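Student: I would like a close look at a single part of this model, taken step by step. Please keep the account connected.

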Amino acid sequence: MVSPGERADFVVVANRLPVDRVVHDDGTDEWRTSPGGLVTAMEPVMRDRRGAWVGWPGEAGVSLEPFTTACGLHLFPVTLDARDIRDYYEGFSNGTLWPIYHDVISEPAFHRSWWAAYRTVNERFAQATADVAADGATVWVQDYQLQLVPALLRELRPDLRIGWFNHIPFPPVELFAQLPWRTAVLRGLLGADFVGFQRSADARNFLRACRMVLGASSRGSVVTWQGSQDGLLGHAPRTVRAAPIPISIDFSALESLAMSAEVTERAEAIRASLGNPRTVLLGVDRLDYTKGIRHRLRAVSELLADGAIDPREVAVVQVASPSRERVEAYRRLRSQVEAMVGRINGEYSDIGQTPVYYLHQAYPREEMAAMYQAADVMLVTPLRDGMNLVCKEYVTCRHDLGGALVLSEFAGASQELTSAYGCNPHDIVGLKRSILTALHDEPSARRRRMRAMRRRVRTHDVYAWADSYLQALAVAPEQPEP
Ligand code: F6P
């Protein structure tokens, strides 16, 4: 890996650095690597290739010199002040792009000041990357917060090989076209040599947007844009390939954790704390309106009302980790979810017996692995989700082939985990039916489904994802003459 001061042959650029600040009892602090799929997959590549990571440390106004973490990751921090966070992160990224890219489930807001901040912060990321990348380096830009970086970086450093990967869906052009800055966003992305998506539908949506918004032409997975004379962002002709490369998790590390005696014991203790109910249903999500938490609770509430599940025999655990708490749509969702949980529990609880356990917090991996093992049915019901890694984590932890997965057809993962009990979360009757089928299916059928899903995640883990992506980037198409 590269040291601060040196230049890197391989650079990951992401909105967040993979670290959290830990404050010790004596008041001193340190930055610790936060466990996550992306950093896990990147670590071996970073080690082999003199790698570096450019990103925001996650706190307002924190300005840090480049540093190396205890586990040897070389980090190049980008500072965001409170205003950048308001306008670029909470505003344009999560108040404009996030709802448009998720089927307009919540109404997007369009503010020119947010767009200006998005552009300025993308410029800052591009400059930081240009400063750290060695001649001819490979740069891998992540996600919707940094869609202008490929073209901005190419203007600064035409020698680089640049890839971009979208962790969230790419919307149909009919929705994308609402964005007043749609042309600039596509021109930003076309600065890359290769753009990767979660599903083939996302890649197709992107190619179609390039044709319809920019007037580009496409053949198979390759788009060619003739450029423009206007001298604005990304004006030179470009040929770019777009393809699906679905992200995954570190199967073997999580499976080993789930097999440990501590996790197995903890899973039993969790069930005991819940009163050893006959059935445990589990939901694990960031508290986000795309996750379908309200639809899920509605289905649970109706199943209780119908008498299809007995409040004395069932425990529903909903982990809802806090997320983007200053964005209005997220605050509204929290009140709605909490009101629903309160209503269900008010109606169906008794002394010492509560149907819904609502946990508004994030948990360490060990505790999550134990919860997955304790759950008879996992409910993953997003209205739209780029991938959803929770369902991949669940099947990975079920090395006993126990449990059952109810999975929304609107999660990217449904393209891979085709043996799940599928559902359309908007169809409450169908969702209830899927939950009951998952609960009452023959054990042999449940095991068969679980085995097939585990095979898929085992063979398509996060390392395979990173390898496939970097191979695709390495053979990206020749560029036309300007
Ligand atoms: O799924 C998109 C994503 O940006 C992830 O990369 C990230 O883990 C998650 O959403 C939460 O995002 P934030 O950085 O806004 O907390």
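Student: With which residue does arginine 326 form a salt bridge, and how far apart are the closest N and O atoms?

Tutor: In this predicted model, the partner of arginine 326 is glutamate 90, and the closest N and O atoms of the pair are 2.9 Å apart. The domain assignment divides the protein chain into domain 1, made of residues 8-247 together with 465-474, and domain 2, which covers 251-460. Polar contacts between domain 1 and domain 2 amount to seven residue pairs, with both residues at pLDDT 80 or more. On the side of domain 1 that touches domain 2, the classes are twelve nonpolar, five polar and three charged residues.

The extent of the interface can be stated in several ways. The C-alpha centres of the two domains lie 31 Å apart. In contact across the boundary are 20 residues of domain 1 and 21 residues of domain 2. Together the domains bury about 1,700 Å², and carbon and sulfur atoms account for 60% of that area. Of the area that domain 1 buries against domain 2, 31% comes from Trp98, Ile105 and Arg199, more than from any other three residues.

For arginine 16 the corresponding distance is 2.7 Å, and for arginine 324 the value is 2.9 Å. The ligand on its own has 390 Å² of accessible area, of which the protein covers 66%.

Methods:
Residues numbered from 1 in each chain as written. Predicted model: local features only at pLDDT ≥ 70, side-chain atom pairs only at ≥ 80, totals over all residues. Heavy atoms only, no water. Domains from an automatic or database assignment. Contact = heavy atoms within 4.5 Å. Buried area = accessible area lost by both parts, 1.4 Å probe. Salt bridge = Lys/Arg side-chain N within 4 Å of Asp/Glu carboxyl O. Polar contact = N/O pair within 3.5 Å; in protein donor to acceptor, adjacent residues only side chain to side chain. Nonpolar A, V, L, I, M, F, W, Y, C, P; charged D, E, K, R; others polar. Areas by Shrake-Rupley, 256 points an atom, 1.4 Å probe, with all protein chains shown as cover.
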